[in-house]
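Here's a quick tour of a model, starting where its chains meet and then moving inside. Keep the viewer open as you read.

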Amino acid sequence: MLNLNTYIGKLKLKNPVLVASGTFGYAEEFSDFIDLRELGAIVTKTITLNPRQGNPAPRTCETPAGMLNSIGLENPGLEVFISEKLPFLVKTGVPVIVSIASESGPQDFIILARQLDKIKSVAAIELNISCPNIKSHIAYRISHIAKLIAQDPKSTYEIVKSVRKVTHKTLITKLSPNVTDIVEIAQAAESAGSDAVSLINTLTGMSIDVENHRPRIAAITGGLSGPGIRPVAVRMVWEAYQKVNIPIIGMGGIMDTSSALEFFLAGATAISVGTANFINPRATIEIIKGLKEYLIRNKIKDINSIVGSLKI
Amino acid sequence: MQKKVFQEKSKVISNARMAKDYFKLSLSSMRIPATAKPGQFVQIRISDKTAPLLRRPLGIHRVGPKSFEVLFKVVGEGTRILSQRKPGEYLDIIGPVGNGFDLTVATQASILVAGGMGVAPLTFLAEKLAKRKVNSSKLIVLIGAKTRNEVLCAKEFSDLGCEVKIATDDGSRGLRGKVTQLLERILLTGCIYACGPKPMLRKIAAISKQHHIPAQVSLEEHMACGIGACLGCVINTKKGFQRVCKEGPVFGSEEIIW
């Protein structure tokens, strides 16, 4: 009997294939293409306390083997999310992981987490402290350089710690690859009580239209995603895996089964499919099927036994 | 739940050059032709490679019983690869997507205004409008292009019984000037359907407002997913940002904040 069950904190998943926040809307958009019930879990588009309009267009552009985006966390806010988006998600029967972000320091995270903690159908909370596209994530400024919370171990620790105090739900912290040392940030999240870390969010990038001398997205810089960033993501999962004991949810350019497997071998307990959802809405389902085939072909009974099984 | 959008492997029936850099791609499809509405589009995966990564959105040009056509111009790497796809090959298609034109408002006269590749979805629209045509109703098609070589589909429109007028930037066919000048010259009654570059649509919105004639405009924006998930393709409207791929691509011209 093949085992695909995985644990993220207290949360049991029937398989380790998730969708990355921001690439799956609130799942409705994908119901024409896949049976949502097959997913391991659904991570929502990040919500904030109040509605956000997001950034002006153009918000995306294609890059070599990837894309840049600066959506700016457009979302309907907590209240509308709960009344209009959550019921559909819950109906799928799949664990719902709600991604949250703050527009004003720790306070919003605490309010959001408190509210979500009361909702039984919310399976887990993911702290998005690593979105490169909104100013409110700025933790502090040094020499006029704005930083994300996830770019500073101390800020990461403080935010995770303060949210940990107000919720018993499984808490996942999503980290940024735009750092010198991913390990110290992952350790900060772990020591503050995070049940798992998601890595990686997008890499900050920029693309220029040389004909008109303008940036190709309105926000000038944005987050780079897609298969082009996969080696960076795999490397960071590998680095973090050696130093932290909490589960890692690996993501960054996963397009198919083989790229998903790279993350498991590097140390991810579960994986998230992101940009691939835009190109092939069936990517998640194909990966779940492909993982089973891989395990059977290699006579492996439990997917957990390949986690971190990289040979060096 | 009834599916509205399909993902299919569609066989290339033909991929023919219409003019320099312009192609007409015909694809077999079981489910898209039956549900497609004028103004909707398909998201085509041009190859299984990871670069270029994203699908290409193309307006549905015409539909047959088990097939549909799209028109495209080679403007970059993606469309260049698409132009090389051969009959018998398969393409991964998502569609039909978007809202499409509202045909119920069509009255005595429908004025279709196409700029460049804007002719593609308007041909499909003209077909539908021609079928519903009652007694004295008129179908007028105004086509704008850079040169006469880039005037596409004029014959298709006249074959459908439309009155066709043309404007080219260099005067090599029809009026020398912009298609919006043609629009200003004709007697303005009825309703306008337009597809083309944003400056053209902006001008049409102004004409629509000035003459109190409703205009539906089909917009383009950079798209990643095309199915409403990524929130990449927004346009600023009186109701806030709206997704061109989902709430659009067709909007009432008065809804847009130009």
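## Where the chains meet

In this predicted model, chain A and chain B bury about 2,600 Å² between them, with 62% of that on carbon and sulfur atoms. The contact draws on 33 residues from chain A and 33 residues from chain B.

How many salt bridges run between chain A and chain B? The count is 2. B:Arg243 makes a salt bridge with A:Glu29, and the closest N and O atoms there sit 3.4 Å apart. On chain A, the elements giving two or more residues to the side that touches chain B are β5, β6 (66-69) and α7 (276-279). Sorted by class, that side of chain A has 14 nonpolar, 12 polar and 7 charged residues.

## Aromatic pairs

Over all chains, the structure holds 4 aromatic pairs. One of them is A:Tyr26 with A:Phe81, a tilted pair at 5.7 Å centre to centre and 50° between the planes. This pair links distant parts of the chain, 55 residues apart: A:Tyr26 is in the loop between β3 (17-19) and β4 of chain A, while A:Phe81 is in helix α1 (residues 77-91). A:Tyr26 is buried at 7% relative accessible area, and A:Phe81 is buried at 0%.

Over in chain B, the ring centres of B:Phe23 and B:Phe72 are 5.5 Å apart with the planes at 15°, so this pair counts as stacked. B:Phe23 belongs to strand β2 (residues 22-28) and B:Phe72 to strand β5 (residues 67-73), so the pair ties together parts of chain B that are 49 residues apart in sequence. B:Phe23 is buried at 7% relative accessibility, and B:Phe72 is buried at 1%.

## Around A:Thr44

Back in chain A, is A:Thr44 buried or exposed? A:Thr44 is buried, because its relative accessible area is 0%, under the 20% cut-off. You'll find A:Thr44 in the loop between β4 (41-43) and β5 (60-63).

Setting aside neighbours within four places in sequence, A:Thr44 is in contact with residues including A:Tyr26 and A:Phe81, the tilted pair from above. A:Leu89, A:Val96 and A:Ser99 are also among its contacts. A polar atom of the A:Thr44 side chain lies 3.1 Å from the backbone nitrogen of A:Ser99.

Technical notes
Residues numbered from 1 in each chain as written. Chains lettered and ligands numbered in written order. Predicted model: local features only at pLDDT ≥ 70, side-chain atom pairs only at ≥ 80, totals over all residues. Heavy atoms only, no water. Helix = DSSP H or I, 4+ residues; strand = E, 2+ residues; numbered from the N terminus. Buried < 20%, exposed > 50% of the residue type's maximum accessible area, 1.4 Å probe, protein only. Polar contact = N/O pair within 3.5 Å; in protein donor to acceptor, adjacent residues only side chain to side chain. Contact = heavy atoms within 4.5 Å. Buried area = accessible area lost by both parts, 1.4 Å probe. Salt bridge = Lys/Arg side-chain N within 4 Å of Asp/Glu carboxyl O. Nonpolar A, V, L, I, M, F, W, Y, C, P; charged D, E, K, R; others polar. Phe/Tyr/Trp six-rings, centres within 6.5 Å; stacked < 30°, edge-to-face > 60°.
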